[in-house]
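Thanks for coming. I will go through one model today, starting with a sheet and ending with a loop.

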Amino acid sequence: MYSEPVSNRVGMAVQMQDRYEYLLVAYTDATVNAQVRAEQQFFSSQFHVPAQVKTKPYITIAKFCATEQMEETIIRWMHRVISANKSFEVTIDEFGAFRPHTIFLKIKDHQPFVQLATGLKVIDQYIQSYGCPKMQLVENAHLAIAGRLDVLTYEQAVKVYAEKTFRASFDVNELVLLRRRDQFDKGRQVNVFRLL
């Protein structure tokens with residue numbers, strides 16, 4: 001396992017103000033992308049909130065903070081972990097909600113995402129060794145329709161989405177690493193990892 005000298009780590013810890021937020025994601029295919037966008041537009045018009053259209057719909061597998069200097073090592077380790085996994089099919093089955101702020105599409109089988117997340121734990125150790133917070137790994141894979149809702153909008157939406165249905169499938173052949181300054185910034189693609 002690769003390890004950097006302790007003196008480098010101390011220097012890196014001092015530069016934490018230069019941290020970025022990284023997201024490892026799986027994008028939907030074009031067909032499902034259009035379906036999810038249509039659902040987001042419906043939500044926006046129905047509940048008078050801005051649609052989530054900053055990026056293509058994606059499923060987050062991991063979220064973490066790191067400096068740009070750590071990026072090369074993280075990409076190299078991610079490549080080793082991810083390239084050992086096979087492509088897989090994702091089935092979206094119905095709507096769900098995270099009380100009190102998010103409406104999402106449920107992923108039927110979480111196992112491929114959990115398996116990927118488990119492999120990323122070695123990278124989490126590396127990140128934490130530089131004083132960065134613990135990596136957030138997927139536990140409940142989902143596709144967000146709307147988030148950061150106020151309580152009233154959330155309660156109204158839950159009633160509407162309890163009656164709606166949604167089913168779709170797509171193949172995940174690659175994962176994408178995005179980098180952004182914070183949760184309000186648009187993620188910029190850093191690397192693409194192909195699955196077997």
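Which residue is the bridge partner of V25 in β2? That partner is T60.

First, the ground rules. This is a predicted model, in which local features need pLDDT of at least 70 and side-chain atom pairs count only at pLDDT 80 or more, while totals for chains, interfaces and linings use all residues. Residues are numbered from 1 along each chain as its sequence is written, and side-chain values use heavy atoms, with hydrogens and water left out.

Now the sheet. Helices (H or I, at least four residues) and strands (E, at least two) are DSSP runs, numbered from the N terminus. Two strands pair if DSSP finds at least two bridges between them. On that basis 5 strands make an open sheet, in the order β5-β2-β1-β8-β9, with antiparallel pairing. Its edge strands are β5 and β9 (188-194), each of which pairs on one side only.

Strand β1 (residues 19-27) is joined to β2 by 9 bridges, and the two run antiparallel. Besides the V25 bridge to T60, A26 has I59 as its partner in β2. Towards β5 (residues 136-137), β2 makes 2 bridges, again antiparallel, and K63 stands opposite Q136 there.

How many of the 10 residues of β2 are buried? Buried means under 20% relative accessible area, exposed means over 50%, and partly exposed is in between (1.4 Å probe, protein chains only). For β2 (residues 58-67) the count is 7, so the strand is mostly covered.

Next, helix α6. Its buried residues are T153, Y154, A157 and Y161. Seen down the helix axis, they fall within an arc of 95°, so they line one face of α6; the arc is that of the directions from the helix axis to the C-beta atoms. On the other side, L152 and K159 are exposed. The cover over the buried residues includes α2, β3 (88-98), β4 (102-107) and β6 (142-146). At the N-terminal end, D150 caps α6, with a side-chain oxygen 3.1 Å from the backbone nitrogen of L152.

Y161 brings us to the aromatics. Rings of Phe, Tyr and Trp (its six-membered ring) pair if their centres lie within 6.5 Å; planes under 30 degrees apart count as stacked, over 60 as edge-to-face and the rest as tilted. By this rule there are 11 aromatic pairs. In one of them, F42 and Y161 have ring centres 6.3 Å apart and planes at 75°, so the pair is edge-to-face. F42 lies in α2 (residues 30-47) and Y161 in α6 (residues 151-161), so this pair ties together parts that are 119 residues apart in sequence. F42 is partly exposed, at 30% relative accessibility, and Y161 is buried, at 5%.

Two rings have a charge over them, meaning NZ of Lys or CZ of Arg within 6 Å of the ring centre and within 35 degrees of the ring normal. K56 sits over Y27, with its charged end 4.4 Å from the ring centre.

Last, where is P133? P133 is in the loop between α5 (121-128) and β5, and is partly exposed at 39%. Leaving aside neighbours within four places in sequence, P133 is in contact (heavy atoms within 4.5 Å) with R19, C65, I127 and Q128. P133 and A66 are 67 residues apart in sequence, with their C-alpha atoms 8.7 Å apart.

Terms used. A polar contact is a pair of N or O atoms within 3.5 Å; within protein, one must be able to donate a hydrogen and the other to accept it, and residues adjacent in sequence count only if both atoms are side-chain atoms.
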